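Read it with the coordinates open.

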Amino acid sequence: MTSHPLIRMLDRGSTLFLVLLGAFAIAIPVLNLLVPATSSLHVSTYLVALLGKYICYGLLALSIDLIWGYVGILSLGHGAFFALGGYAMGMYLMRQIGTRGVYADPILPDFMVFLNWKELPFFWYGFQNFGYAMFMVLFVPGLLAFVFGWFAFRSRVTGVYLSIITQALTYALLLGFFRNNFGFGGNNGLTDFKDILGFNIQADTTRNALLVISCLALGLCFLICRAIVTSKFGKVLVAIRDAEARTRFMGYRVESYKLFVFTVSACMAGVAGALYVPQVGIINPSEFAPANSIEAVIWVAVGGRGTLIGPVLGAFVVNYTKTFFTTGLLAPYWLFVLGGLFIGTTLFLPRGIVGAWAHWRAGVKEKSEAKRSAEAEDGMLPTRGSPSTQPGAAE
Amino acid sequence: MPGVVINMRGLFDRIRIFLRILLPSAVLFVAAVANAVAGPYEDALPGLTTDSYSDTAAALDQVSGSGSDLAAPLLQALKDQRLQFSAVEKKVLIKTADGKLLDAATGQPFAGTPPADLSNVRLNNRLRNLLDAALGSLTLMAADPNKRYDAAQSVFKSRDAATMPVLEKALAAEQNARVKAALMQAKAAIVVVTADAPAADKVAAIAVLRDRGDQDAMALLQTIPANAPPDVLAAVTEAKANIERNLALWGTVQNLWYGLSLGSVLLLAAIGLAITFGVMGVINMAHGEMVMLGAYTTFVVQEVIRTRYPGLFDYSLTIALPLAFVVAGAVGIAIERSVIRFLYGRPLETLLATWGISLVLQQAVRAAFGPTNKEVGNPSWMSGAFDLGGILITYNRLWIIVFTGIVFAALLGMLRFTRLGLEMRAVTQNRSMAAAVGIRTARIDALTFGLGSGIAGIAGVALSQIDNVSPNLGQGYIIDSFMVVVFGGVGNLWGTLVGALTLGIANKFLEPFAGAVLGKIAVLVFIILFIQKRPRGMFALKGRAIEA
Amino acid sequence: MNKSVHSAASRPTARKWLAAAAGVAMAAAGAFSPAKAQDTIKVGVLHSLSGTMAISETTLKDTILFLIDEQNKKGGVLGKKLEAVVVDPASNWPLFAEKARELIAKDKVSVVFGCWTSVSRKSVLPVFKELNSILFYPVQYEGEESERNVFYTGAAPNQQAIPAVDYLMSKDGGEVKRWVLAGTDYVYPRTTNKILEAYLKAKGVKEEDILVNYTPFGHADWQTIVADIKKFGSAGKKTAVVSTINGDANVPFYKELGNQGIKATDIPVVAFSVGEEELAGLDTKPLVGHLAAWNYFQSIKDAKNAEFIKAWQTYTKNPKRVTNDPMEAHVIGFHMWVKAVEKAGTIDPDKVIDVLPGTEAPNLTGGISKMLPNHHITKPVFIGEIKADGQFDVVWQTKDLVPGAAWSSYLPGSKDLVADWVTLKCGNYNTVTKKCGGSGS
């Protein structure tokens, strides 16, 4: 490929995605803040909060797609990085409460006061500083991913083994954060936040600002992912996904490639978690639950892995379905729907929504091209894009 | 330490024992003590009609001291909640096991219409303790040695100095060595807690307790005040050191036993998973739900038995076993045929699809049976416990270990000696080569999946005896099962066995130091690190492929 | 590979993309559009119907539907019918917050009955404060909270834990001298045990006579812990276990107790989270005599209770359906809310919140419970012994109703705090500094 890297990065689909995302980030606040509530175009604050949450999920899905869709690493523990980022943000928000907690202790968060703690544990130091907290949002998930990945990839743990130990990782963290002695608020986690950088966290303007920032973060991370996957580096990643041993024999240090992408992906998940917490108002150990991580994987599968746009779409679709199905008469059927999605997607839509669409488009294009250029060729288009059809992928 | 004493302490046994000793014990007691005097017994009865615990306690004391031959049946009826009273008519009646009413004052059948406000004399724990002590001293000379043994134990517990005369008499008459030892210990217990007993007696009593060597003896020794005579104190120090050594030793044995028991539960839950993973390379996330289906099958079987054939209750598990195997196996084959076979070669997708299946199954069971726990009873042969030396072994854990052993052996035998086993091993080792020599791999896959699921189903029968039967049952075991399989290595049942037992025992030895949660985290971290060292588990199949 | 997907997207693709996105957006907007003008009063029900908490919470959802049904038969409230809006937060705490927001902002419910775990309550708290609505919380909890928008109809620690310990220290309770505080590791057991430890020490119990043990949620292997309890209990002093073990872990715990032969006469276990519903999953014969402390038992003989049980079993078409304490809390809370709305003559949350303190409603055990200025209610306390049929036999009860205390006087952090939403308008007024702590309005 000889075109300029920027052009390669921003193909039509990606440009469209970014434009839509930008439009979304402008339209929602405008419709919420400027359009009067009586107008039919008004977007309620409820919807703003909900969409903000979905954007964060979209970012989490994007980070999973980067490693699953392009390197073939199925992490069933990505929720751990998401939650760690969330905890870092939560700790900052807790320290901002100051004397407004129910016990009015200037230093200690409420849960420490009523468990009779006398001083702040050392790992809470510095979190009153926003910059430090944001650094930790990236650093803690990144470090964990780096250490974990360094061990795992170096000893060539792959496929389902890797999936299972990522699950063990998040499960161990779940058990740990449940412990009240751990100093993170136990099962209740961190909650009752007041403000962020001095802005009231419940104000409509703050909510809209958080939504816009989430969109920006998603857009930025999307660009980073595109930059990675469209570069030469990205080609090697795909090679690793499709034939790890061959890539190694060609002289590439497979472990280093994997480790780099895994760490980047974990940092992105951490950012998603950090943006999620102020919008949802609580972070607690249930975010570490293996079931949550697996659910995030299905967003990617529904949207289409290895497409970057698909996972974001998948996160929206699945979570909207969840919102829809957990209300009223449909309530008892939500798990049937979710379970059905898992089964249906893997059986009938292995490429996901976007993947299937692209595949179909490619087929149509092939046909029309074939028709145009009189030399008709038989047979299907080689399935270049769909990881699921690659023999031996990830096993 | 009196060697290995096996002491049946099943709760049901207790009740049955008391029912049977009712008559002979009363007769013997009368013969042993004194002529019945009418007064105090009758005077005590109105105290039972006020529905006040303190009045009942006073009446109970009076009745047991009355010497009346009606005392023991009355106390037994009270214990079994068959003693009824009418506050209006001031009457106390005994309901016999077959539903007849006796007048407690005379012991004769009650004539006339029963009072309208008849209700049970209520008990609380204090009264139950008083009752046990009273009945204990009344049954010290029962005909059956087991009853005498239990009576001696209950005197040991109550340490009531008032029973001393009866105890002495019983000791003199006792022939059975085991009962005699128990009586000696009961006597020693009383001597130790009696402040004015002679020092020499106390030293002898302490020696008896030292030989008993358990927690209860230790507890008694701790009650001896620091101002006791020096020779008594010396004996106490020596006895305590002795018992502590003994307890520490048995503590280790106990941990080992608990670890074995936890390990066998893990093995049972994981072994089906190991087969499917080994043969098909498929991670079945719905495995836990197969366990759950087995447990619900047990519940249904017990429900049917309870309503239709109550006599068969002790056989309910035996009936449930094959049914659970069939139910879970059939569901497994259905899953394989309808979903998994389309996903071969895509293990990660299989993982997601089976996770979806597990969600659907959970919610389906929730819809069918309701979200609450279901009661699955223990048959009598799985209830209770016995002492083996210094540790207590519960029957349900023992049977689960035995059962796991049988399942493991059967499975091993099947893999080793049957055609299906041979083909399964072939497919595990080299799928394409197996297919090339004419093995129908698709059929093997379906059967393997059915077998793995069926075993999960019978694991559910066993787990229903120790855990909740609820839609969430399977979720609790799935991650642990994965750990066992990954740790033990794929395609080798021995790996699974060693993996399960190692994890179980490690967990139980960590728990006393680190607590249940940290222990579990430590084990998880250990597995994560172990996998780095041996990415294919402890017992990996050797092969030449660079990528298995 | 990436090329194949994206370079394949040509112009028509983009157009279709746009159309698809617009479709999704429109579908979303349609589903989120506000409900039409209401001619009913909407009541939100926020209880998990799937996931781990469904086991306890489903019954509470049914209870509220039943109560609404009964109320509508009597003509509803303020001349309008009540309409239940049921959502399923699926035992997922962030989803609780989302669903609470949905109920209040989208469905415009006038009151919400919901939550079970403390974390779910903590998760929805900011939403109720922000959108100014009313939550009735029916479960016994750790206290240390009083919010303007929340009404706590379950027991505070002084209405359950402390009376239970008092009973065990009494002559009838066995004069217990040694204590095992066993709980699941989360905030309710932690706080309750902290309070109990302080209380026991104040009563002269020594440090070495208290054993505290925490286990994770859903703990299934109790062999070691039960053996430890047995060992701790054989030190020559009467020992009891105070159990704050949470729902699911109780069944294996009690099974192990029964099998290791720990009888209530040796070491009684008094539980705060085991009621009729939990016992329904157990063979209770080996457990006879173990205790539970609640503010209600199904077995309590009272005309109101009998009437309620009958109506409930008819409504659920299940003659064996049990009732339990949190259900009674919902019954009391619901009737209080109905009375308050009728008194205020409006469903306006501010007015209803102002009217609620002082409102009285009969409980099912023969007394009249009253909403206090601290948003907790007065309740009787009962100690029940487990019977062989899975019900409880009440062995002790308080003479009068006990007022719920939001802040424990046994914790150093909260001993100076009081809650009073009537005169002080504050949930955490500090009596020493004479200031409202800060989280109040």
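Strands here are DSSP runs of E with at least two residues, numbered from the N terminus. Two of them pair if DSSP finds at least two bridges between them. The model is predicted.

**A pair of hairpins in chain C**

Start with strand β18 of chain C, residues 426-430. Four of its five residues are buried, so the strand is mostly covered, a residue being buried if 20 or more other C-beta atoms lie within 10 Å of its own. β18(C) has a partner in strand β17 of chain C, residues 417-420. Three bridges join the two, and they run antiparallel. Within this pairing, V418(C) is bridged to Y429(C) of β18(C). The hairpin of β17(C) and β18(C) has five residues between the strands. There K425(C) takes a positive phi near 55 degrees.

β18(C) also pairs with strand β19 of chain C, residues 435-436. This pairing is antiparallel too, with two bridges. N430(C) has K435(C) in β19(C) as its bridge partner. Which residue takes a positive phi in the hairpin of β18(C) and β19(C)? It is K434(C), with phi near 55 degrees. Four residues lie between the strands of that hairpin.

**The two chains overall**

The table sets out chain-level values.

| Property | Chain A | Chain C |
|---|---|---|
| Secondary structure | 15 helices, four strands | 13 helices, 19 strands |
| Radius of gyration | 22 Å | 24 Å |
| C-alpha box | roughly 80 × 60 × 45 Å | roughly 85 × 65 × 55 Å |
| Buried residues | 57% of 395 residues | 63% of 441 residues |

For chain C, 441 residues would give a radius near 22 Å, and its 24 Å agrees.

Contacts tell about sequence range. Take those between residues at least 6 apart in sequence. In chain A, 78% of them join residues at least 24 apart. In chain C, the share is 67%.

**Domains of chain C**

Chain C is divided into two parts by the domain assignment. Domain 1 takes residues 41-155 and 304-380, and domain 2 takes 161-271. The centres of these domains, taken over C-alpha atoms, are separated by 31 Å. Seven residues of domain 1 are in contact with six residues of domain 2. On the domain 1 side, those residues divide into two nonpolar, three polar and two charged.

**Where chain A meets chain C**

How many residues does each chain bring to the contact? Chain A gives 59, and chain C gives 59. The chain A side holds 26 nonpolar, 25 polar and eight charged residues.

**One helix in chain A**

Helix α2 of chain A covers residues 12-34, which is 23 residues. From its first C-alpha to its last, α2(A) reaches 32 Å. That is close to the 33 Å expected at 1.5 Å a residue.

Which residues of α2(A) are buried? They are G13(A), S14(A), F17(A), A25(A), I28(A), P29(A) and N32(A). An α-helix has 3.6 residues a turn, so residues three or four places apart point the same way.

Note on methods: Residues are numbered from 1 along each chain as its sequence is written. Chains are lettered from A and ligands numbered from 1 in the order in which they are written. This is a predicted model: local features need pLDDT of at least 70, side-chain atom pairs count only at pLDDT 80 or more; totals for chains, interfaces and linings use all residues. The radius of gyration is taken over C-alpha atoms; the globule rule is 2.2 Å times the number of residues to the power 0.38. A residue is buried if 20 or more other C-beta atoms lie within 10 Å of its own, exposed if 12 or fewer, and partly exposed in between; C-beta atoms are placed from the backbone. Two residues are in contact if their C-beta atoms, placed from the backbone, lie within 7 Å. Domain bounds come from an automatic or database domain assignment. Ala, Val, Leu, Ile, Met, Phe, Trp, Tyr, Cys and Pro count as nonpolar, Asp, Glu, Lys and Arg as charged, and the others, Gly among them, as polar. The expected span of a helix is 1.5 Å times one less than its number of residues.
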